[in-house]
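Welcome, and please open your viewer. We will start with the whole chain and then select a few parts one by one.

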Amino acid sequence: MIGPVGVGGTHPVRVQSMLTSDTREAQDCISEAMGLVEAGCEIVRVTAQTKKIAENLEFIVAGIRERGSNVPIVADIHFKPDAAMEAVKWVDKVRVNPGNYADKKKFQVREYTDEEYAEELGRIEEEFGPLVEEAKTRGVAMRIGTNHGSLSDRIMNRFGDTPLGMVESALEFARIARERGYHDFVFSMKASNPKVMIEAYRLLVARLSELGEDWNYPIHLGVTEAGDGEDGRIKSAIGIGSLLADGIGDTIRVSLTEDAVYEIPVARAMVDQINSLRAKNDAPIGKLSWDQVPWNPFEYRRRSSAKIEIQGIALGADETVRVFTTQEKWNALAHKLAKLGDYQPEIVIESSGVIELDPRDEAAISALNASEIPQLITVANGLDLPVIPAFRLLAAKADAKHPILLKDTLNPSLEDDRDFLDTLLTASMNIGSLLCDGIGDAVIVQGEKAPGQSLRLTYNILQAAGARIFKTDYVACPSCGRTLFNLQSTTQKIREATGHLKGVRLAVMGCIVNGPGEMADADFGYVGGAPGKINLYVGKEAVKFNIPEEEAVDRLIDLIKEHHRWIEPPLEVAQIED
């Protein structure tokens with residue numbers, strides 16, 4: 001229970017968000033929280049950077065209760081155990097990040113002996129134990145929330161910057177809680193890279209299953225630093241949606257670099273889609289044991305198909321994932337193909353020779369596998385099957401040499417006015433999940449009728465899944481009370497200046513908490529260091545300090561040029577409109 005709201009078990013998937021207002025401004029926080037509640041938010045999180053700031057939670061919670069809302073309030077804690085000890089007095093739940101709650105990250109490389117490692121764990125217990133005791137006494141819940149980019153030096157040196165390290169980091173803290181008889185906690189394994197996030201959550205759930213039935217704690221899902229706009233929604237749907245489709249996840253937060261209230265409709269739509277999917281498809285479509293499944297769900301590896309050529313374009317093997325379209329859509333775009341740059345429809349499905357199959361049809365699969373010639377295959381339209389399991393079953397039963405064309409839906413849209421958010425979430429969840437499984441050599445979006453919009457969505461899904469990089473990749477944290485500059489306007493300004501840098505990954509972080517650690521594998525970082533001051537990073541290393549905010553974007557461009565990653569923007573930028 002998070003206050004009056006149940007999480008896990010038979011409870012529905014809960015939707016939560018985080019305040020962007022400064023925690024020191026109680027009235028602003030109260031107003032924003034009430035707006036979130038009105039939009040359908042069920043759990044509200046607020047940052048508490050220091051003990052002094054955490055004291056203001058008393059007035060924020062009281063004000064929300066005076067407005068007639070019992071929405072659970074969660075305190076977000078990172079570096080300050082004393083802030084957590086203050087926050088636990090006032091809130092329904094405390095979130096701690098094991099990577100920096102009791103550790104000061106220095107990116108040191110060292111070998112820990114077993115004795116030294118045990119000493120480190122003893123030190124953590126001294127820091128974390130009192131919070132557990134206080135939470136237990138007060139009936140306050142907790143989230144043990146690991147983030148990919150903020151693993152401790154101890155974990156990094158023993159397990160590496162890996163999903164396994166993320167899981168072990170959380171389990172260290174969970175064991176301390178359990179030893180004190182405290183079980184009111186939720187796990188999370190957040191990352192900005194959907195592949196890393198999916199692997200980490202799968203590993204966590206498998207590990208909890210191994211440890212025993214009494215380790216079956218609820219799971220909070222989120223893609224951290226997803227960004228804004230269409231890209232942020234797609235990346236969130238790939239990570240969160242694919243795990244929900246697999247039955248993992250009890251509460252979610254869609255992290256967008258936008259006003260927090262805009263996160264709620266996206267999260268609610270995702271939950272509604274999953275509920276509909278579960279209600280419709282509650283029986284397995286095929287029975288396979290794990291030794292019959294030719295891939296490792298805990299480690300990304302692309303399915304090893306053979307290379308074939310269709311319409312003069314190579315696909316399969318190590319070729320890039322190709323983009324299919326219909327003849328009708330190709331004809332609609334034909335007059336401006338030269339202006340579309342990297343956003344090209346590549347293969348027309350009607351003349352591609354693709355073989356459409358029902359993955360449950362053993363005779364058809366046997367005939368396919370009897371052929372020595374690799375064939376492009378896909379799941380047939382019109383089948384009443386959930387997309388993700390259908391393509392997984394096809395990938396498991398068909399010989400690996402046969403490349404696979406992925407579809408977002410098996411029922412192509414004929415509607416001109418279908419809600420695009422639903423189309424986007426469905427396509428991202430279905431295609432993105434399979435790409436993160438390593439399945440898929442080509443893709444087609446059938447759920448969007450508009451030619452340009454379906455093409456743009458296809459490419460953006462490929463980018464978010466890391467399957468085909470054709471534009472600048474941004475890692476942008478959602479704003480919160482810790483943010484030291486206007487994230488939304490700054491992110492937009494950086495996009496306008498750098499959006500043409502194909503293959504460059506830029507991180508825009510509001511503060512040091514979401515700074516060098518959370519940037520993980522970004523090439524360059526723009527991080528709030530102090531009010532009005534920006535620090536610039538190359539990878540995880542800070543190289544420029546205390547740059548006035550008004551100069552920082554230009555200095556970022558200079559830094560990119562210094563590392564020979566800058567190209568001048570083209571005179572004409574490709575547009576995909578309908």
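Start with everything shown, and keep in mind that this is a predicted model. Of the 578 residues in the chain, 58% are buried.

Now switch to a cartoon view. You will find 17 helices and 21 strands. The radius of gyration is 24 Å, close to the 25 Å given by the globule rule for 578 residues, so the chain is as compact as a globular protein of that length. Along the principal axes, the C-alpha atoms fill a box of roughly 65 × 55 × 55 Å.

Next, look for the barrel. Eight strands close it in the order 1-2-3-4-5-6-7-8, with parallel pairing. To see one of these pairs, select residues 93–96 (strand 4) and 141–147 (strand 5), which run parallel and are joined by four bridges. Within this pair, R95 stands opposite R143 of strand 5.

For the last stop, select helix 16 (residues 487–498) and helix 17 (residues 549–562). Their axes come within 11 Å and cross at roughly 35 degrees, and the crossing is right-handed. Show side chains here: T490, K493, I494, A497 and T498 of helix 16 meet E549, E550, V553, L556, I557 and I560 of helix 17. By class, this contact has six nonpolar, two polar and three charged residues.

Note on methods
Residues numbered from 1 in each chain as written. Predicted model: local features only at pLDDT ≥ 70, side-chain atom pairs only at ≥ 80, totals over all residues. Heavy atoms only, no water. Pairing = 2+ DSSP bridges. Helix = DSSP H or I, 4+ residues; strand = E, 2+ residues; numbered from the N terminus. Axes fitted to C-alpha atoms, helices over the stretch in contact; angles between N-to-C directions. Left-handed = near helix turned anticlockwise from the far one by under 90°. Contact = heavy atoms within 4.5 Å. Nonpolar A, V, L, I, M, F, W, Y, C, P; charged D, E, K, R; others polar. Rg over C-alpha atoms; globule rule 2.2 N^0.38 Å. Buried < 20%, exposed > 50% of the residue type's maximum accessible area, 1.4 Å probe, protein only.
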